[in-house]
Amino acid sequence: MFIRPMLRMVPDGTRIRFMKGRFAGLATSAVLSLISIVLFFHPGLNEGIDFRGGIVIEARTQGPADFDKIRATLSAAHLEAAGVQRFGAEDDVLIRLDSQPNEAATQQAANTVRESLAKALPGTKVMRVDVVGASVSRELFRDGMLALGVSLLMILGYIWVRFEWEFAVGAVVTLVLDVTKAVGFLALTRIEFNFVIIAAILTIIGYSTNDKVVVYDRVRENLRKYRTMPLRELIDLSINETLNRTLGTSMTVFLASLPLALFGGESLSGFAWTMLFGIVVGTSSSIFIAAPILLLLGEHRLRRDTVAPPGAPSGAPSGAQKTAKG
């Protein structure tokens with residue numbers, strides 16, 4: 001029994017000519033990625049304690065926190081805080097200090113913060129103290145970048161095995177462009193770059209890959225079904241046929257992440273805002289980046305053995321071409 005969906009993002013049977021704007025899409029993506037690379041070097045990422053090293057102290061005050069008084073208290077104790085901000089509720093405070101020369105100095109700094117807050121703001125409790133040394137932070141940063149690189153290589157291998165190499169190259173190039181834009185977004189918004197954000201970027205890569213595989217699967221099916229249809233028209237047809245699924249999935253994930261961005265507090269908001277940005281970029285890149293790259297790479301390869309039967313209209317199925325693996 002066929003059940004019609006109650007809501008469709010776009011009408012059935014759309015025939016939008018996406019490939020008509022392929023050069024504008026590629027040029028826009030390239031410019032945004034170049035700007036993101038510049039932002040990566042200047043002003044750079046706002047590295048968190050995971051990658052910069054330092055001390056993070058979570059404290060809970062009696063009543064709403066007075067941030068100006070906390071900063072003045074730390075300054076009077078000769079501790080220049082790298083950041084003092086709200087952490088969830090009004091009485092939760094997150095204090096960041098730069099890394100200290102050695103373990104003894106680090107312990108002394110943490111004790112000084114605890115004593116100074118207790119004197120200036122009676123009833124204040126220190127909930128946790130996290131310390132990351134400089135050598136550990138460098139190792140964590142290297143491991144995080146390695147995780148991103150390995151994930152891209154594994155995706156390249158997966159798509160290469162499942163599809164033709166043109167599909168794999170198109171997907172991985174698009175994912176690299178998506179990641180660079182996410183880095184530019186982080187540099188521009190000054191969201192703290194830590195392991196949580198790396199998890200968000202890996203999630204974006206996985207989501208974006210899934211989105212591209214859906215479009216590529218339909219392209220492969222249509223390559224077999226419409227043996228004489230020009231590749232440009234076939235890619236447009238495939239995108240239109242999967243458009244409802246693409247937009248519906250993206251909207252579902254977007255709406256699920258939005259409350260986390262608005263109400264998730266310090267620990268979740270950075271992850272959620274990065275996810276929201278990645279959903280928009282990943283969805284648009286499947287249509288305006290991955291598909292045009294596939295068209296440029298495969299226009300004279302995926303159709304190289306096409307032989308149209310006499311009198312067959314463009315797009316009519318014929319019977320003699322192997323266009324994709326498996």
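Trainee: What volume does the largest cavity have?
Mentor: About 30 Å³. A cavity here is a set of points on a 1 Å grid over the protein atoms alone where a 1.4 Å probe fits but cannot get out. Grid points are joined across faces, edges and corners, and the volume is the space filled by probe spheres set on the points. Keep in mind that this is a predicted model: local features need pLDDT of at least 70, side-chain atom pairs count only at pLDDT 80 or more, and totals for chains, interfaces and linings use all residues. Residues are numbered from 1 along each chain as its sequence is written, and side-chain values use heavy atoms, with hydrogens and water left out.

Trainee: How many cavities of 30 Å³ or more are there by this rule?
Mentor: The count is 1.

Trainee: And which residues line the largest cavity?
Mentor: L175, D178, V179, A182, I201, I204, I205 and S208, where lining means having an atom within 4 Å of a point. The elements that give two or more residues to this lining are helix 6 (165-189) and helix 7 (195-225). Helices are DSSP runs of H or I with at least four residues, strands are runs of E with at least two, and both are numbered from the N terminus.

Trainee: What is the make-up of that lining by class?
Mentor: The lining of the largest cavity has 6 nonpolar, 1 polar and 1 charged residues. For the classes, Ala, Val, Leu, Ile, Met, Phe, Trp, Tyr, Cys and Pro are nonpolar, Asp, Glu, Lys and Arg are charged, and the others, Gly among them, are polar.

Trainee: Why does S285 count as buried?
Mentor: Because its relative accessibility is 3%. Buried means under 20% relative accessible area, exposed means over 50%, and partly exposed is in between, with a 1.4 Å probe and protein chains only.

Trainee: OK, pockets next. How much space lies in the largest pocket?
Mentor: About 480 Å³. A pocket is an open set of points with protein on both sides within 12 Å along at least five of seven lines. Of its 26 lining residues, L94, R96, E192, N194 and E266 are the closest to the centre.

Trainee: Which element gives the most to the lining of the largest pocket?
Mentor: Helix 9, with 5 residues. Other elements that supply at least two include strand 3 (81-87), strand 4 (89-98) and strand 5 (125-132). By class, the pocket lining has 9 nonpolar, 8 polar and 9 charged residues.

Trainee: Switching to helix 1. Why does its length agree with what you'd expect?
Mentor: Helix 1 (residues 22-41) has 20 residues, so at 1.5 Å a residue it should span 28 Å, and its end C-alpha atoms are 29 Å apart. The expected span is 1.5 Å times one less than the number of residues.

Trainee: Which residues of helix 1 are buried?
Mentor: R22, G25, L26, S29, S33, S36 and L39. They cover an arc of only 145 degrees around the axis, so they sit on the same side of helix 1. That arc is taken from the directions from the helix axis to the C-beta atoms. An α-helix has 3.6 residues a turn, so residues three or four places apart point the same way.

Trainee: What covers them, and what is on the face turned away?
Mentor: The cover includes helix 6, helix 8 (231-263) and helix 9 (266-298). The face turned away carries the exposed residues F23, A24, L34, V38 and F41.

Methods: Contact = heavy atoms within 4.5 Å.
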